[in-house]
Protein chains: 2
Amino acid sequence: MSTLREIGEHAALRKILPLLGTHPELRIGAGDDCAVCRLPGTGADQVFTTDPVIENIHFQSLENPMRIGHKAVGRVLSDIAAMGARPQWILVNVVAPPELEIHDLEKMYKGMMDLCNRFGASVIGGDLARGPALELHIFGTGLLPEKSALLRSGANEGDSILVTGPLGCSFESGKHLDFIPRVDEGCFLRESGLVNALMDISDGLATDLRHILQQSGVGAVLDGQAVPKAGTLKQALFDGEDFELLLTAPDPEELRFQWQEKFGTVLPVIGRVTAETGILRLDGQVLEAKAFEHFSPE
Amino acid sequence: MSTLREIGEHAALRKILPLLGTHPELRIGAGDDCAVCRLPGTGADQVFTTDPVIENIHFQSLENPMRIGHKAVGRVLSDIAAMGARPQWILVNVVAPPELEIHDLEKMYKGMMDLCNRFGASVIGGDLARGPALELHIFGTGLLPEKSALLRSGANEGDSILVTGPLGCSFESGKHLDFIPRVDEGCFLRESGLVNALMDISDGLATDLRHILQQSGVGAVLDGQAVPKAGTLKQALFDGEDFELLLTAPDPEELRFQWQEKFGTVLPVIGRVTAETGILRLDGQVLEAKAFEHFSPE
């Protein structure tokens, strides 16, 4: 017998995922940023994701409720963006201690609604229940043309690795609460036809790039100097909650040109996909795994 | 300023719902058992719902994990059944204390999967996070022919009121953990074309029937003797967590005949819809509102 604390969140998920089974209309099950399902007759696929934010883990108890709502929905829209999809429907389960001020609950919804409205998403349901800590559980769906979802498993040897913005210090700077999910960017990347693999960075560049490597059966070298940083290189690699998009592309110059035309910013190349399956190198040195483990002792 | 404890869950929801906005492809927003959305080009509508189960509120800490998983998914499938829809996709957020045994987590998923498999639903994603109490947040979708969803707002004066099974004592008997959601029955009721309003009973017959009355702009008289009971009449009216279906039908005899042919059981008539808007009578006497309020003091 072992507990979540002993084996950690990722090992627990590895035990659960094989139990989940398959379905003829399920294209991509659990393990990417979203699940992808067929919508027969529509020419579209539908993506599904969920994410919780929990008091004293994802935000502090005294945080501004509008920012809590913004972050909660932002994480889900970021997952949808990381498939190249447009957000569609949002449902919200709130768990709250009885002491929560109704005024603060309304502000949380205001934060959620403002961000949904910006990207054409609608909150259509949910639940409100009593519990020991404040939690928001957000469920989201999105749409994209059939078979066009950008997956973690699409990277090929020789692809360049790119990232949509600076990484690190998201907790210190408050970006983890205020970030704008890269929805327009994700759709642009899908429409460009120039991207092989895409995901969002929630656990840190080093950890999340490793997901692409594992699911694509490739390796990578990172150029430490080229990584756009909000602080140190270490912070850029490991802090997490950046909610930037991480991608691989076989023809980065064409993609970067189109990106600059569209968004007026630079899309930096930070490394290259190699044939060294599962090996991540930083400036030549092998970089060992270091994940944020929800259940491991601090 | 007031808190959730002071105003209660239902009053809090009444403040939140008007914030939610609309969407051209949203047929029915928050307020019914599920939201209903168009799926253009398919001839189908898609329904969406979420429900949490929380330790020491919806189940006891030492409960069998398979039953916790069963109940969590069962509640969502019951909401989908209450629209007359077929379940489709399920996503699961688990919040768990670090002390949770992995073996128990696996059993919880086993309970969820067994019930999903029975009704053709698939678990396609979710999340696992640390928190102070064990919680399962289940998000579910379903499908049904467009414009065929059975709503709380469909009851008409003169309709008979019927219920699919005995009510009350669900906590004492363990039915609240073991119930089989009325998915086949919900689809049959929709296909019959003989039902005006449908919902599932989670908060107790008296409370839930009141939702139909409010949303349909009608009243009702209940025949206490005709209500099928697992205990006393009071328990049948107020206990809740029965997860039977409550419906109104203009031609109950034809419906009861078809039901008996299909399921081999009796579908009892327990009352009649009246023109006394918002008034619920039991054997002639007005029955005052008494809802289970998550946040009100016990």
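Which residues does A:Asp33 touch, not counting residues up to four places away in sequence? In this predicted model, they are A:Thr49, A:Asp79, A:Ala82, A:Met83, A:Arg152, A:Leu198, A:Met199 and A:Asp200, where contact means heavy atoms within 4.5 Å. Residues are numbered from 1 along each chain as its sequence is written, chains are lettered from A and ligands numbered from 1 in the order in which they are written, and side-chain values use heavy atoms, with hydrogens and water left out. Because the model is predicted, local features need pLDDT of at least 70 and side-chain atom pairs count only at pLDDT 80 or more, whereas totals for chains, interfaces and linings use all residues.

Two of these names return in the annotation. UniProt, in an unreviewed entry, places the feature "binding site" at A:Asp33, A:Asp79 and A:Asp200; the positions are given in the numbering used here, the feature name is shortened, and such annotations may be inferred rather than shown by experiment. The three residues are spread over 168 residues of sequence, yet they cluster in space, with a largest C-alpha distance of 7.5 Å.

A:Asp33 sits in the loop between β1 (26-28) and β2 (35-39) of chain A, while A:Asp79 belongs to helix α2 (residues 65-81). Helices (H or I, at least four residues) and strands (E, at least two) are DSSP runs, numbered from the N terminus. A:Asp33 counts as buried because its relative accessibility is 5%, and A:Asp79 is likewise buried at 10%; buried means under 20% relative accessible area, exposed over 50% and partly exposed in between (1.4 Å probe, protein chains only). Beyond its neighbours within four places in sequence, A:Asp79 is in contact with A:Asp33, A:Cys34, A:Thr49, A:Asp51 and A:Asp200.

Strand β3 (residues 44-54) of chain A pairs with β6(A) in the antiparallel sense over eleven bridges, two strands being paired if DSSP finds at least two bridges between them. Within this pairing, A:Ile54 has A:Glu135 as its bridge partner. Strand β4 (residues 86-96) also runs antiparallel to β6(A), joined by eight bridges, and here A:Arg86 stands opposite A:Leu143. Strand β6 (residues 135-145) is itself mostly covered, with nine of its eleven residues buried.

Helix α7(A) is largely enclosed by the rest of the structure, because ten of its twelve residues are buried. Among them are A:Leu205, A:Asp208, A:Arg210 and A:His211. The helix is followed by A:Gly217, whose phi is positive, near 65 degrees.
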